[in-house]
Amino acid sequence: MVPLPARLPVVPVTVFYLHGFASSPRSTKVGYFTGRLAEHHVEVHCPDFNLPDFQTLTMTMTATLRSTLSVAIVAGFMVQGSGFRVLGSSAEQARGVRPAPAAPRTPSPTPRTATQNPEPGARTPEPSTLNPEPISVRVGFQGANGKYSVVTLPMESYVARVLAGEAARDSQPAALEALAIAIRTFALANRERHRADGFDLCDQTHCQVVRAAVAATARATQATAGRVLLRNGTPASIYFSASCGGHTEIPSDVWPGHEDPAYLPAREDDACDGAPAWTADLRAADLLKALRAGGFHGQRLRDLRVAARNVSGRVSRLTLDGLKPDVISGADLRTVVGRTLGWQHIKSAAFTVRKQGDSFHFSGHGSGHGVGLCVIGSVRLAERGTNADQILARYYPGLEISKVTPTAAMLAARIAPAAPPSVRAAGTPRPPAPDVMISLPDDDEGEHDAILQQAVRARDEIARTLGVTAPVKLTLRFHPTTDDYEQATARPWFTSGAIVAGELHLLPPAALRDRGVLEQTIRHELVHVMTESALAGRPQWVREGAALYFADPAASPPAGSARPSCPDDNELARPVSAGALSNAYARARACFARQIQSGKAWRDVK
Ligand SMILES: [Zn+2]
Ligand SMILES: [Zn+2]
């Protein structure tokens, strides 16, 4: 028995348990240590030495792996000043096959505790034969000030901790194991999500919620160690939500433009049985506040009506009487209300709504977007005796569940096709990253790929039209609310987009999309980026005129504008209202277009 110190160090401790020959991460002993240490908030990471399979495993390979692991541990943790400790099975046990101890209270033989140092000459195993190089996740923990502190966690520790943050209370092991596999898959498929912020995944609902692991989550993680859902050999892009409310949802009905793979169907789910049912009463004034923060404008919300529903029965479109734009999707309404008034009100897009005096009464069921695995449904299925693989097959039909941890090469295949061939530093384990980074707020993340493709297409096309080289690196930041946008850019909401420190800042995607200006706004800001240096020092109308013109060259000029006066710098830089700005924009575009149409090159407009 390893005596635990009375007082554990405050630095995070990660324990690597190296199981013996003929054992596995699912052994009783591993479970025992994991459980005991989890009580003390110490995470145990147990790599599966039976990989790639038992037949090809040799003791030499185990030994090589051990030295590699110790190097990896030192590299990953010592550098950061965190403690680490390795619990190894004894060499005697490793040579012979011993039955697992019957009583978990007295594991035998006593494993020794050893702090291993890196061996200078330690050889790295061939990646082709031993692919599980320990994958780590750089997690951004959001502090009270909104800033992130980055902590690197081994993948399995990360999974055990997210499981504590995302699972339903008192889940059966099978439900926890299914979710552990989904969490691991999500983490691998979304490792580029926060590249613009300097880490992989955040600890908030935006990515996956991270909490302290407990015995049950550590056990489920160990039991599924390294297992992920694969699509064509790479981690599948999957989702899960608290409850589908009785019917799962296809991605494109939540995030327009998202592909709808066969493994994410809209299907009836009798497991969750429509739970939870919910109601919410929201005052018209509060709803108006939320919608305005989301980029909609108007002084009064006179009525709110369901105009259409999609296949799953969720609200696909609502009309907003009195606002501009005057339509919003059910998913977007849930998002704008959640961000401003809290997520406890409109729990899902499966609802009915009616006006009652000065309020709107919502009645619905389910919680979350409803795409992919239904957490409440999986808990009920596990209680009925369904195992983890069956749960996953039900919610992600057709996906393969792998037994190996994907290699860096497998991960690279998932990176967006938009990336140009990029030069990798020798020995860099990370896959090449796309040169366009999209940062999206909570619940809009499903649109990532569609927006990325749109941005890359626009970038390349504008670069060709202008005859300039496309920028090597672009960052597009969509803000969750107009307030957030205004704070980051010091520009009023009706400007839609702005460039700050070389990055494109944009309004919430819902508002831009519902106004029909998402693509146009991206193009507008891209033109600014690509014409910035050539037009430096010119009047504002030249720069804005170029952006407006090349964002939409085919647009017809406003009628009756024979020879408009070009707006002065103040009209464009400090517009007093949305109306004043759109007037100044129209004149800037007309002035610019007139010179282009007279045969002038865009660089010479002045
Ligand atoms: Zn995130
Ligand atoms: Zn369900």
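Reading helices, strands and a core

A: Begin with a hairpin: strands β15 and β16 have two residues between them, and Gly-357 there takes a positive phi near 65°. Keep in mind that this is a predicted model.

Q: How do strands β15 and β16 pair, and over how many bridges?
A: Strand β15 (residues 351-356) pairs with β16 in the antiparallel sense, over six bridges. Gln-356 has Ser-359 in β16 as its bridge partner.

Q: Which strand do seven bridges join to β16?
A: That strand is β11 (residues 277-283), which runs antiparallel to β16 (residues 359-365).

Q: What is the strand order in the open sheet of three strands?
A: The order is β12-β13-β14, with antiparallel pairing. Strands β12 (303-309) and β14 (327-328) are the edges, since each pairs on one side only. Between β12 and β13 (residues 315-321) there are six bridges. Arg-309 stands opposite Val-315 in β13. Helix α8 packs on this sheet, where it touches β13 and β14, and its direction makes about 65° with that of β13.

Q: How is a pair of packed helices described?
A: Two values are used: the angle between the axes and the distance between them. Here, helix α7 (residues 284-293) packs against helix α8 (residues 330-341) at an angle of about 105°, with the axes 8 Å apart. Angles of 65 to 115 degrees count as roughly perpendicular, so α7 is roughly perpendicular to α8.

Q: Which residues of α7 and α8 meet?
A: From α7 come Asp-286, Lys-289, Ala-290, Leu-291 and Ala-293; from α8 come Val-336, Val-337, Arg-339, Thr-340 and Leu-341. By class, this contact has six nonpolar, one polar and three charged residues.

Q: Which residues of α7 are buried, and what covers them?
A: The buried residues are Leu-287, Leu-288, Ala-290, Leu-291, Arg-292 and Ala-293. Their cover includes the strands β11, β12, β13 and β16, together with the helices α8 and α13 (482-489). Just after α7, Gly-295 takes a positive phi of about 105°.

Q: Where do nonpolar side chains tend to lie in soluble globular proteins?
A: They tend to be buried together. In this model, the largest nonpolar core has 129 residues, of which Leu-163, Ala-178, Leu-179 and Ala-182 touch the most other members. Helix α5 (residues 173-189) gives the most to this core, with 13 residues. Not counting residues up to four places away in sequence, Ala-182 touches Leu-229, Ile-238, Phe-240 and Leu-373.

Q: How many helices and strands are there in the protein chain?
A: There are 18 helices and 22 strands. Of the 606 residues of the protein chain, 45% count as buried. Among contacts between residues at least 6 apart in sequence, 69% join residues at least 24 apart.

Notes:
Residues are numbered from 1 along each chain as its sequence is written. Chains are lettered from A and ligands numbered from 1 in the order in which they are written. This is a predicted model: local features need pLDDT of at least 70, side-chain atom pairs count only at pLDDT 80 or more; totals for chains, interfaces and linings use all residues. Axes are lines fitted to C-alpha atoms, for helices over the stretch in contact, and angles run from 0 to 180 degrees between N-to-C directions. Helices (H or I, at least four residues) and strands (E, at least two) are DSSP runs, numbered from the N terminus. Angles under 35 degrees count as roughly parallel, over 145 as roughly antiparallel, 65 to 115 as roughly perpendicular and the rest as oblique. Two residues are in contact if their C-beta atoms, placed from the backbone, lie within 7 Å. Ala, Val, Leu, Ile, Met, Phe, Trp, Tyr, Cys and Pro count as nonpolar, Asp, Glu, Lys and Arg as charged, and the others, Gly among them, as polar. Two strands pair if DSSP finds at least two bridges between them. A nonpolar core is a set of buried Ala, Val, Leu, Ile, Met, Phe, Trp, Tyr and Cys residues joined through C-beta atoms within 7 Å. A residue is buried if 20 or more other C-beta atoms lie within 10 Å of its own, exposed if 12 or fewer, and partly exposed in between; C-beta atoms are placed from the backbone.
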